[in-house]
2 protein chains.
Amino acid sequence: MASGNEIILLEHGSGGQASEELLEKLFFPLLKDVRPLDSALLPPSNGRLAFTTDTFVVSPIFFPGGDIGSLAVHGTVNDLAMVGARPLFLSVAFILEEGLPIKTLKQVVSSLARAAEKAGVKVVCGDTKVVPRGKADQIFINTTGLGVVPEGTEITPHRICPGDRILVSGPIAEHGLAVLLAREGLGLEGLKSDSQPLHQAVAALLEALGPELHALRDPTRGGLGSVLNELARSCGATFLLQEKDLPLRPEVEAGCEILGLDPLYLACEGCFLAFVSSGAAEKALAVLHKQPETREAKIIGEVRKGPAQVVLQTKVGGHRLIKSLHGEPLPRIC
Amino acid sequence: MASGNEIILLEHGSGGQASEELLEKLFFPLLKDVRPLDSALLPPSNGRLAFTTDTFVVSPIFFPGGDIGSLAVHGTVNDLAMVGARPLFLSVAFILEEGLPIKTLKQVVSSLARAAEKAGVKVVCGDTKVVPRGKADQIFINTTGLGVVPEGTEITPHRICPGDRILVSGPIAEHGLAVLLAREGLGLEGLKSDSQPLHQAVAALLEALGPELHALRDPTRGGLGSVLNELARSCGATFLLQEKDLPLRPEVEAGCEILGLDPLYLACEGCFLAFVSSGAAEKALAVLHKQPETREAKIIGEVRKGPAQVVLQTKVGGHRLIKSLHGEPLPRIC
């Protein structure tokens with residue numbers, strides 16, 4: 001594993017000498033908290049545990065603003081943050097396609113390790129499988145996360161109620177568009193994935209708002225449109241959004257127009273939706289504007305009594321019903 | 001999803017309506033403890049946590065004695081048991097290939113759910129991704145497990161010391177051989193995978209032996225030969241095995257002979273190796289013989305001072321050095 005031309009072979013997944021070599025030379029030096037044991041041993045939890053899993057099959061595996069390694073950390077860290085948890089530990093499991101350059105694997109694992117360190121989470125256990133050429137697509141990564149939820153925190157869609165304000169923590173649709181363009185070999189000046197960890201911004205919000213923070217959700221697959229529909233159904237209310245307030249970078253707006261895509265259905269990996277009681281909305285905004293990850297947060301709408309639906313008040317004053325993404329597959333963006 | 005001819009489409013992974021329908025109609029009814037939230041919330045742990053991850057890419061996905069669903073439960077439950085933990089919770093993450101019959105998926109998820117129920121673990125969170133035809137092989141499953149380690153338990157290879165007896169809890173090489181034969185469309189009367197959960201037998205052993213139980217390991221990928229080498233290196237001692245005492249079913253012996261395979265390198269998914277102080281070996285054996293999963297346990301060798309190596313005393317009295325599996329890829333058996 002020195003010359004730079006080596007590739008992953010089936011025997012790297014056999015459990016024998018080649019597997020051990022890959023662990024010793026590549027994985028263990030980069031993922032320093034992983035031990036060659038069946039299970040990692042962790043201290044008793046000081047509070048309720050949050051537990052979440054996500055597999056990443058993004059294509060291409062490198063894209064502007066990130067790669068499958070950093071995304072695998074941010075995605076799972078953010079899923080923990082969305083229930084108010086402080087992310088602590090990650091497991092990471094790789095499926096490698098025979099023939100993958102070891103250099104590529106090293107780049108991805110390095111990026112994953114850096115992202116974990118930056119987010120303050122420890123990768124404590126892992127797994128690697130190898131499948132023959134044509135039975136996977138380069139590399140798939142599962143990360144499963146563990147966090148602790150502070151005493152008294154109850155962040156759940158069931159707490160959303162009429163009157164709540166709906167905030168989004170930053171510009172939308174960047175991740176989905178960046179990956180779709182990268183897949184076609186296209187780029188757009190200034191456009192990159194928004195992939196980033198959000199738990200620190202969430203912690204600040206939670207500390208400032210306490211129980212006035214009702215629910216959180218990161219609009220990943222399916223985008224804002226699908227995720228809001230899911231939430232509207234789970235709380236049985238109408239969400240009224242203001243089109244003029246949706247934060248959308250000009251390059252994203254342009255890209256969507258060229259490709260005929262609706263930004264409401266493109267995945268975000270670095271922003272979240274927050275539902276807060278109306279009296280706390282301005283305070284929430286002020287807190288988010290102080291955090292580096294959420295400087296561009298906006299109040300985009302409110303919750304109203306009514307049927308479970310999502311309605312967009314357009315810039316010209318009309319109303320458009322926003323449904324869940326349907327029959328328009330934009331897969332492998334995460 | 002009623003007629004029985006439906007297949008997985010890319011839009012089942014898009015995060016929109018089709019994804020939700022798959023969750024509502026297939027996953028949630030079978031995996032009743034999974035909630036549509038970003039993270040599962042679990043009670044605080046009463047003791048140290050064990051945390052482990054494993055991805056299953058076994059081919060074929062159905063084989064005598066099990067399938068990828070039951071295997072995904074047993075594999076992870078057993079990894080928890082190998083540090084003395086009581087398995088409690090699982091996450092489960094699927095990668096589905098476009099075109100997979102929904103009937104097949106349902107069979108696998110049902111089997112996974114049954115295995116989890118039987119093992120007494122709850123599947124509390126999940127994820128599903130869909131990749132285009134030819135970018136995966138039917139179905140891959142990651143399970144990540146959480147368990148609690150009883151106070152005072154310390155089961156680790158570092159506690160293995162000269163004088164220890166080496167036990168194996170049942171006949172070896174069955175899983176690897178059963179899967180390899182199934183892949184070739186062959187069968188062998190009476191041969192099936194040994195895939196089963198082992199945590200109850202481990203709990204009984206731990207209760208009876210206490211600190212005299214030093215280390216545990218399930219010889220999965222790489223088989224007994226590779227796993228024993230890894231352990232010998234981590235404790236810096238010689239393992240002397242008696243060939244005559246290795247439990248091997250006649251059909252496994254026959255199958256290995258026909259195919260030219262060494263049972264020492266074939267995976268087990270339903271037995272474990274235990275290292276116990278010499279004075280406790282007979283007691284350990286008696287305990288294991290009372291457990292349904294480990295009725296055929298045997299003492300197969302002992303730990304001696306000497307270089308880190310594994311030596312087999314053959315039936316005719318010679319000595320054979322057992323090395324780690326090398327350059328003989330038998331992949332995708334788990």
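Which residue forms a salt bridge with A:K129, and how far apart are the closest N and O atoms? The partner is A:D127, and the closest N and O atoms lie 2.9 Å apart.

## Ground rules

Let's start with the conventions: this is a predicted model, in which local features need pLDDT of at least 70 and side-chain atom pairs count only at pLDDT 80 or more, while totals for chains, interfaces and linings use all residues. Residues are numbered from 1 along each chain as its sequence is written, chains are lettered from A and ligands numbered from 1 in the order in which they are written, and side-chain values use heavy atoms, with hydrogens and water left out.

## Where the chains meet

In this model, 74 residues of chain B are in contact with 74 residues of chain A (contact means heavy atoms within 4.5 Å). The two chains bury about 6,100 Å² between them, with 58% of it on carbon and sulfur atoms; buried area is the accessible area (1.4 Å probe) that two parts lose on being put together, summed over both. B:D38, B:F51 and B:R221 supply 14% of the area that chain B buries against chain A, more than any other three residues.

Strands also pair across the boundary: β1 (residues 40–42) of chain A and β2 (residues 48–56) of chain B run antiparallel and are joined by 3 bridges. One such link has A:L41 with B:A50 as its bridge partner in β2(B). Here, two strands pair if DSSP finds at least two bridges between them, and strands (E, at least two residues) and helices (H or I, at least four) are DSSP runs numbered from the N terminus.

## Salt bridges

A salt bridge is a side-chain nitrogen of Lys or Arg within 4 Å of a carboxyl oxygen of Asp or Glu. Between the chains, A:E20 pairs with B:R233, the closest N and O atoms being 2.2 Å apart.

Back to the opening pair: A:K129 is buried at 3% relative accessible area, and A:D127 is buried at 9% (buried means under 20%, exposed over 50%, partly exposed in between, with a 1.4 Å probe and protein chains only). In chain B, B:D127 and B:K129 form a salt bridge with closest N and O atoms 2.9 Å apart, and both residues are buried. Salt bridges that share partners join A:D54, A:R221, B:D127 and B:K129 into one network.

Another pair in chain A is A:E296 with A:R249, whose closest N and O atoms are 3.2 Å apart. A:E296 sits in the loop between α8 (281–290) and β12 (298–304) and A:R249 in the loop between β10 (238–242) and α7 (250–259), so this pair ties together parts of chain A that are 47 residues apart in sequence. A:E296 is partly exposed at 39%, and A:R249 is partly exposed at 26%.

## Backbone details

Most residues other than glycine have a negative phi, and most peptide bonds are trans. A cis peptide bond joins A:S59 and A:P60, with omega about 0 degrees; B:S59 and B:P60 are likewise joined by a cis bond. A:S59 lies in the loop between β2 (48–56) and β3 (62–63) of chain A and is buried at 16%. Beyond its neighbours within four places in sequence, A:S59 is in contact with A:D137, A:V179, A:R183 and A:R332.

A:A173 has a positive phi near 75 degrees. A:A173 belongs to the loop between β8 (165–168) and α4 (174–183) of chain A, and its relative accessible area is 0%, so A:A173 is buried.
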